[in-house]
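Subject: Structure handover

Hello,

Here is the structure for your work.

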Amino acid sequence: MRGEVLGIDEAGTGSIVGDDGARYRFEPSAVRATSPLKVGQRVDFIATDDRQAQDIMALATPPIASATPRTSSGFGGFDLGRVIGRTFSTIRGNWMAFFAAAALFVGIPSALMAFGQADLTTSEASATAFLAMILGWALYLVGAYVVQGMVVKAAINSFNDKQTTFGEALSAGAKVFLPLLGLAIVAGVATGFGYILLIVPGIMLTVLWSVSAPAVVAEKRGVFEAMQRSRDLTRGYRWHIFGLLVIYLVLSMIVGMLVGGVNLAAGGTFSGGAPSTVVTMITNALTNTLTSVVASAGVAALYYELRAIKEGAGPEQLASVFD
């Protein structure tokens, strides 16, 4: 298997991210290269079942091709499989913190919204249901951006083989909540008009600004600076990013259909009623929790991929902003 060196400590122990998106640890004795490995270096290795790298050989940097931007990191061109693999590997490595945050800040507000919406569809709709829906929507709006900040922080650290506690991630998410909220309002209104008018402009703007949020979190940029930064990073790779977004959309639809099937099987309907309300609350919370984690981790992985292939930025450089 081939991959890239993520980090090496003073003792020579390090980690590699394989082209499958998984991380592999290695000891100095596993290195067969004639010169010391460096962070960002491409290597060939044997992967064991317990995620250890053996027989590691350094690969020569491929010649630079004018048609495909390359960097000193050795990443080469944009790789959809690598981004998807890194998305799910970082979720796997931080699943407890990610899902705890999403359940708290997205799942509970989603359940409140579902409760209010279900009750409002009945003939006995109450002010309590309306207030529950408004409160749930407000908490969801706040929580979604806190979660995004938390996941980006933890994901970037995980690319550098660093663990992030729930408290550290929460602190990072809270610090960038206001700029993320401002970004969501500005970009959301613009893309919304794009979708309403001709659809295609909305898709173009979604791709154009797809890594604005990580630019806010990792680079401490303002709203409009982050949007311009995303334009610059995505230039030359927008068709690739569009394909990636389509893949994530299909995955999201599959999750939605599966959860919706469970909802209907358990007695949930669109017409409300006591039994179905509880089921709908649970399924809505579950769907939104899952999609928020995957979307946030996916954006972080996309941002890392673009920084690496266009600027040669390694995981240590990206994670250093949090030190």
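The lining of the largest pocket draws at least two residues from each of these helices: α1 (80-93), α3 (127-159), α5 (177-197), α6 (200-208), α7 (212-219), α9 (238-265) and α10 (274-311). Please keep in mind throughout that this is a predicted model.

The largest pocket

The volume of the largest pocket is about 1500 Å³. Its lining has 43 residues, and those closest to the centre are Gln148, Thr206, Leu245, Ala295 and Val299. Helix α10 provides the largest share of this lining, with ten residues. By class, the lining of the largest pocket has 31 nonpolar and twelve polar residues, and no charged ones.

Cavities

Two cavities of 30 Å³ or more were counted. The largest cavity holds about 40 Å³ of space. Its lining is made up of Leu6, Val17, Arg23, Arg86, Ser89, Thr90, Ser158 and Phe159. Both α1 and α3 supply at least two residues of that lining, and α1 gives the most, with three. The classes here are three nonpolar, three polar and two charged residues.

α3 and α5: the two axes come within 9 Å and cross at roughly 115°. That angle makes α3 roughly perpendicular to α5, and the crossing of α3 past α5 is right-handed. On the α3 side the contact uses Leu141, Val142, Tyr145, Val146, Gln148 and Gly149, and on the α5 side Phe177, Leu180, Leu181 and Ala184. Eight of the residues in the contact of α3 with α5 are nonpolar, two are polar and none is charged. Gln148, part of this contact, is also among the residues closest to the centre of the largest pocket.

α5 and α8: helix α8 covers residues 223-234, and its axis comes within 9 Å of that of α5, with a crossing angle of roughly 65°. The pair is therefore roughly perpendicular. α5 passes α8 in a right-handed crossing. Pro179, Gly182, Leu183 and Val186 of α5 touch Val223, Phe224 and Met227 of α8. The contact of α5 with α8 has six nonpolar residues, one polar residue and no charged ones.

α5 and α6: here the axes lie 5 Å apart and the packing angle is about 150°. Angles over 145 degrees count as roughly antiparallel, and α5 and α6 are therefore roughly antiparallel to each other. From α5, the residues in contact are Ala190, Thr191, Gly194 and Tyr195; from α6, they are Pro201, Gly202, Ile203, Leu205 and Thr206. In the contact of α5 with α6, five residues are nonpolar, four are polar and none is charged. Thr206 belongs to this contact and is another of the residues closest to the centre of the largest pocket.

Which residues would I look at to connect the packing with the pocket? Gln148 and Thr206 are both listed among those closest to the pocket centre; Gln148 sits in the contact of α3 with α5, and Thr206 in the contact of α5 with α6.

Regards

Conventions
Residues are numbered from 1 along each chain as its sequence is written. This is a predicted model: local features need pLDDT of at least 70, side-chain atom pairs count only at pLDDT 80 or more; totals for chains, interfaces and linings use all residues. Side-chain values use heavy atoms; hydrogens and water are left out. On a 1 Å grid over the protein atoms alone, a cavity is a set of points where a 1.4 Å probe fits but cannot get out, and a pocket is an open set with protein on both sides within 12 Å along at least five of seven lines; lining residues have an atom within 4 Å of a point. Grid points are joined across faces, edges and corners, and a volume is the space filled by probe spheres set on the points. Helices (H or I, at least four residues) and strands (E, at least two) are DSSP runs, numbered from the N terminus. Ala, Val, Leu, Ile, Met, Phe, Trp, Tyr, Cys and Pro count as nonpolar, Asp, Glu, Lys and Arg as charged, and the others, Gly among them, as polar. Axes are lines fitted to C-alpha atoms, for helices over the stretch in contact, and angles run from 0 to 180 degrees between N-to-C directions. Angles under 35 degrees count as roughly parallel, over 145 as roughly antiparallel, 65 to 115 as roughly perpendicular and the rest as oblique. A crossing is left-handed if the near helix is turned anticlockwise from the far one by less than a right angle, and right-handed if clockwise. Contact means heavy atoms within 4.5 Å.
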